[in-house]
Amino acid sequence: EVGLGKTIEACLVLKEYWTRGMVRKALVLTPPALVAQWKGELIEKFSLVPVSPDGVDFRRDAAHFWHSEPLIVASLGMARLEPHASTLAGIPWDMVIVDEAHCLKNRTSANWKLINSLHKKFILMLSATPVENNLLELYNLITVLKPGLLSTEADFKMQFVTTGKPRTPKNPDRLRELLSDVMIRNTRSVADVALPHRIASSIVVPPSKDEAEVYGRISAFV
């Protein structure tokens, strides 16, 4: 659900893998408006120093920038454009993080094709709205995340999609079991922390003799 710290969770995973030496080349793809936020979180809270393709080095040699920088935060909208998409597809990434990953729900979209083309050891996909109109959107998301987990599209529709009701799953328990291998779903009811009630108290401090005299003169004047 919205507001439950997906960005922080993803940064924690990235930091852990980075500390263990399992990740040395990482790419974070996010909507343009969130690039600065991601960079700020990584720098301020996790002591990681990302770069973005908005400086002189990128404009001078974009291909070298993509290949040489260890940690990049970039706009997905820019990354999917050529020649960047082809360059990114030729780089071995240790970890790819996709924010607002519901933008990958359509397998014919440039977003989906880019993420599917990337060579990556680990991928994290973050979304608060993964399915809107059709369970095939879920199938498309999981296919780019872990190809083959839900078999072919035809098999998925036959096993899990109710005929004439594309949002209603058949065999929901089995589908939930399969998804549990790759999906963490946090809800507000689970994540909320019940903090103890705070008791506010006040202490009355009587004025000093000098203060009392000043207050008395002011009152008399008024």
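Predicted model: local features only at pLDDT ≥ 70, side-chain atom pairs only at ≥ 80, totals over all residues.
Local features need pLDDT of at least 70, side-chain atom pairs count only at pLDDT 80 or more, and totals for chains, interfaces and linings use all residues. Residues are numbered from 1 along each chain as its sequence is written, and side-chain values use heavy atoms, with hydrogens and water left out.

**View 1. Asn-106 sits in the loop between strand E3 and helix H7.** Strand E3 spans 92–98 and helix H7 spans 110–117. Helices (H or I, at least four residues) and strands (E, at least two) are DSSP runs, numbered from the N terminus. Asn-106 is partly exposed because its relative accessibility is 39%. The terms follow relative accessible area: buried is under 20%, exposed is over 50%, and partly exposed is in between (1.4 Å probe, protein chains only). The side chain of Asn-106 makes a polar contact with the side chain of Thr-108, at 2.7 Å. A polar contact is a pair of N or O atoms within 3.5 Å; within protein, one must be able to donate a hydrogen and the other to accept it, and residues adjacent in sequence count only if both atoms are side-chain atoms. Beyond its neighbours within four places in sequence, Asn-106 is in contact (heavy atoms within 4.5 Å) with Trp-112 and Asn-140. Leu-141 is 35 residues away from Asn-106 along the chain, yet their C-alpha atoms are separated by 8.2 Å.

**View 2. Asp-94 lies in strand E3.** Its relative accessibility is 15%, so Asp-94 counts as buried. A polar atom of the Asp-94 side chain lies 2.7 Å from the backbone nitrogen of Arg-24.

**View 3. Thr-143 lies in helix H8.** Thr-143 counts as buried because its relative accessibility is 16%. Its side chain reaches the backbone oxygen of Tyr-139 at 2.7 Å.

**View 4. Helix H10 has buried residues Leu-175, Leu-178 and Leu-179.** The helix covers residues 172–179. What covers the buried residues? The cover includes helix H8 (135–145), helix H9 (153–160) and strand E6 (165–169).
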